[in-house]
Amino acid sequence: MTMVAVLVLLTGLAATAPLLTRLLGRDAGYPLALGYLVSCGLLASRMPVVLDNGAVAVTAPWLPSLEVAFALRLDGLSMVFGLLVLGVGALIMMYCPRYLTPDARCTSLYTLLTLFTVAMLGLVFASDMVLLFLFWELTTLCSFFLIGLASPAAARPATRALLVTAGGGLALLAAVVILVGTLGTADLTTILARPDRLLASPAAWAVGALLIVAAFAKSAQFPFHFWLPSAMVAITPVSAYLHAATMVKAGIYLLIRFSPVYAGQPAWTITLVLGGLGTAVLGAFLALRQHDLKAMLAYSTVSQLGLLVGVIGVGTTAALAAAVLHTVAHALFKATLFMLVGIIDREAGSRDIRQLSGLRRVMPVTATLTGLAAMSMAGLAPLLGFVSKEAIFEALIRTGVDPWLSPTAEVLAVSASALTFAYGARIVYETFAGPTRQPDLYEPALTFLAPAGVAALLSLMLGPAAALLGPLIDQATRNADPGGEPPYVAFWHGFTPALGLSVLAVGLGFALFAARARVDRIVHAVPLPPAGATMFDHSYATLLRLGHLVGRPARYDSPGAHLFRPVLLLVLLGAVGSWALASSPPSPLWPPTGPTAGDWPLLVLVAVATAGIVTARSALAAIALLGLVGLLVATWFLLAGAPDVALTLMLVEVLTAVVGMLVLRRLPARLPGAGRQPVSCFAGALAAAAGIVAVVATLALTGRRELSTAGDYFLRTAEPQTGGENVVNVILVDFRAFDTLGEASVLVAVALGLIGLFRAGRVGRSGDGPDGTGTTSAAGGSGGGGPDLVLRFAHRLLTPVMLVVSAYLFLRGHDEPGGGFIAALVAGAAIGLGQLAHGGSRVAARRWLRPAPLLAGGLLTCLAVGLSALLLGEPFLTPEHTPAVSALGLSVTPVTLFDVGIYLMVVGLVTAAVDRLGATDVRPVVERQRAVAASVPTGATREVSTR
């Protein structure tokens with residue numbers, strides 16, 4: 001349970017981050033860093049088991065019908081990535097308090113960084129492909145929000161990063177679907193244990209290609225490399241964490257995991273080796289063109305990731321060992337460099353090397369640490385980067401596919417390494433050598449330097465002591481390539497060809513640095529194709545214009561214009577269906593049950609009320625007749641033997657009337673456009689045709705078959721399995737609880753939309769009529785929607801009764817008509833009555849009736865019920881049933897808690913609706929929408945109806 005404990009601990013840290021920041025401000029990073037270190041210790045406690053060629057696994061059923069489980073597995077490879085995520089994360093959390101300004105709003109930063117850690121750990125722990133995909137996408141979302149936190153200008157780079165990496169996520173999803181469909185399992189261990197099964201299937205190459213696309217998009221490989229440098233608008237702690245240990249390392253992890261399946265396959269090897277090493281050269285070349293330190297490090301990350309991808313493509317045991325070792329080295333030196341660049345930016349006020357010079361005299365410790373990290377990045381002894389770079393060269397010498405590939409790989413790797421030395425030396429020299437332009441600077445506080453210093457010293461000490469990493473690197477390699485024997489990890493292997501390539505790369509890099517003035521002119525004179533970010537933005541803008549073109553027919557503010565197409569489609573489908581029925585064997589039109597005598601009066605009343613709606617000139621009359629139609633249909637359901645449906649519909653109609661009255665108080669009394677004869681005649685003919693189609697379809701398709709298998713199953717098993725006699729409620733909260741949770745989540749989304757949509761338009765208050773005179777034209781009553789004495793008296797008298805009825809309906813729902821949804825509608829009616837009674841004042845003014853806490857509490861309650869089932873070893877949202885507790889003739893079961901969550905969410909939605917619609921003037925919102933539509937180019941303004 002170690003992995004679960006780590007994930008739960010970090011999730012708890014994310015939940016408590018707002019409280020910590022409220023108490024400690026930016027210093028909340030220190031207790032969060034302590035939590036990271038505790039998690040790191042918990043993970044390291046399983047090291048003996050992992051190093052003994054074992055693994056720690058946790059499995060709980062999730063979607064048993066699809067053979068998908070919540071499965072986590074900790075082996076050597078996931079241990080390496082997990083320790084990096086937690087270790088670097090702890091350093092970043094310790095770095096944040098001194099980097100952030102005292103008045104910084106760091107709640108979102110700390111919460112998102114911790115969730116980012118949870119997502120990355122879940123990704124490397126996941127032993128199920130579906131679970132891996134979910135955590136993969138969670139890292140994408142977290143990075144999007146973290147990048148966008150920087151400033152409003154970060155919106156475009158954040159969107160660019162989101163779209164590119166999410167596109168890679170879609171490729172991974174397609175690969176997962178094909179894998180599950182081909183092999184019949186989503187278990188990652190099973191898939192990797194039998195690579196021959198996948199390779200023997202026709203889908204093998206499609207899966208391999210999709211995995212490469214997903215990894216290239218995530219790890220910023222050509223042609224998807226452009227999103228990573230533009231993401232440098234994020235603040236330095238985010239950039240450091242994203243580049244060193246999370247996000248971009250996800251693609252590296254995925255390729256290493258699937259290397260046992262595709263290693264040795266020419267297409268896989270050639271694509272990764274040439275694609276990765278080509279990206280390494282491109283990224284290093286582009287880094288040499290930069291003057292901003294952070295931009296140089298961004299392109300450096302692209303280059304180093306390309307080097308990793310290239311060596312993974314070789315696929316040998318030595319290559320995978322080199323990839324794992326260089327992943328560790330890269331995390332240390334890249335985290336160090338980013339944190340030090342943040343320090344330089346804070347102290348000197350600039351990251352431009354053309355404005356920095358001679359900082360070694362005023363910031364000697366910073367200069368020393370930067371030099372150590374740059375040496376490791378360049379592959380110089382005695383740093384860890386030297387050991388990993390030499391291991392990479394050794395692996396590239398023997399690619400084992402085609403004779404030409406090994407020399408090509410060596411040339412590309414040496415070129416990338418030489419360029420890396422050149423820009424690494426440039427970083428150190430241009431920043432710290434030369435005359436001191438800012439003599440008044442001084443070394444920052446030790447607490448600011450300490451996180452970068454720890455990473456730099458680890459890189460220095462682990463170089464000569466690389467053998468200490470040997471057991472873990474060996475075990476990670478064995479997990480990545482079970483059939484191979486990893487090479488011995490050591491600082492010195494003697495005079496080898498790999499050492500010769502290292503010396504050659506350093507020599508070429510030093511030559512480039514020595515001729516830096518001439519090289520700088522050459523690299524800036526080399527013509528480059530349009531930047532990837534520019535091409536992406538142009539494609540994105542083209543796509544938006546295409547969407548605008550496609551959406552032009554629907555750009556109206558009149559409901560009739562939107563209803564026209566679906567209703568017309570219904571009529572056309574009815575015509576096709578009639579032709580199909582006419583060509584089939586004749587059958588009686590009426591269903592066997594037939595209409596009853598009580599149906600005809602209701603039908604006549606519904607027809608009369610509907611006719612009144614379409615001819616009404618008054619908005620108040622139209623909404624009253626609409627409510628009457630609803631009540632008549634509810635009566636029809638009641639006569640048909642569906643009391644639950646009837647009661648629900650009746651309450652919905654009551655709430656609809658309340659909401660309608662709230663809106664009508666601020667709208668004109670007459671319906672706009674009412675009485676237009678040409679429009680009314682055409683709309684009436686279309687409506688009549690749609691009604692005929694609906695009647696014919698109902699007569700032809702209902703009442704002709706026996707009870708379905710599912711219906712028979714629910715009727716037979718509902719009470720024995722759940723203890724509930726109300727089959728409708730039992731289906732909603734027991735058998736189909738997951739569907740109910742999905743629908744309730746939609747309610748939460750709608751409520752949040754209401755809260756956000758009208759937040760800026762809250763200008764209409766008590767005494768604000770549409771004309772600003774304080775009158776209400778539709779609802780009558782008090783001027784401007786002010787308090788109504790009669791309604792206030794009725795509210796005080798009826799609300800306690802309605803709440804008691806709500807509680808009664810809630811408790812009886814498992815056995816009789818009722819339940820959480822119906823009970824919440826009754827409570828919602830009381831809330832709506834209160835809004836009408838108090839005019840424009842907000843019903844959510846009391847803390848306990850605010851929509852957001854109600855929505856959050858309901859959703860969390862439902863999720864807690866589902867998660868409790870996992871702890872009991874059952875699938876999600878199928879809790880262990882216990883005997884019902886009876887009181888006053890009402891039964892209460894554990895599933896009642898799920899109904900409580902539904903109740904809270906529905907009440908939250910109703911509160912949001914009546915609060916926002918009742919206390920908000922919707923005119924500014926409508927006017928803004930029309931202004932936006934009017935500003936759209938290509939003549940779209942002519943199509944915006946003002947009816």
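**Exercises on salt bridges, a surface patch and a cavity**

Aspartate 352 counts as buried, its relative accessibility being 16% (buried means under 20% relative accessible area, exposed over 50%, partly exposed in between, with a 1.4 Å probe and protein chains only). The model is a predicted one, in which local features need pLDDT of at least 70 and side-chain atom pairs count only at pLDDT 80 or more, while totals for chains, interfaces and linings use all residues. Residues are numbered from 1 along each chain as its sequence is written, and side-chain values use heavy atoms, with hydrogens and water left out.

**Exercise 1.** Find the salt-bridge partner of aspartate 352, and then examine the pair formed by arginine 426 and aspartate 520.

*Solution.* Start from the criterion, a side-chain nitrogen of Lys or Arg within 4 Å of a carboxyl oxygen of Asp or Glu. By this criterion aspartate 352 pairs with arginine 354, at 2.9 Å from N to O. Next, arginine 426 and aspartate 520 form a salt bridge at 3.6 Å, N to O. Because arginine 426 lies in helix H19 (residues 405-432) and aspartate 520 in helix H23 (residues 516-525), the pair ties together parts that are 94 residues apart in sequence (helices are DSSP runs of H or I with at least four residues, numbered from the N terminus). Finally, compare burial: arginine 426 is buried, with a relative accessible area of 9%, whereas aspartate 520 is partly exposed at 26%.

**Exercise 2.** Describe the nonpolar surface patch that includes Leu37.

*Solution.* Patches are made of residues with over 30% relative accessible area and no salt bridge, nonpolar side chains (Val, Leu, Ile, Met, Phe, Trp, Tyr) being joined within 5 Å. Leu34, Leu37, Val38 and Leu42 make such a patch, of about 330 Å². Leucine 37 belongs to helix H2 (residues 29-44) and is partly exposed, with a relative accessible area of 44%.

**Exercise 3.** Determine which helices each supply at least two residues of the lining of the second largest cavity.

Definitions and conventions: Patch = residues over 30% accessible without salt bridge, like charges linked within 9 Å, V, L, I, M, F, W, Y side chains within 5 Å. Areas by Shrake-Rupley, 256 points an atom, 1.4 Å probe, with all protein chains shown as cover.
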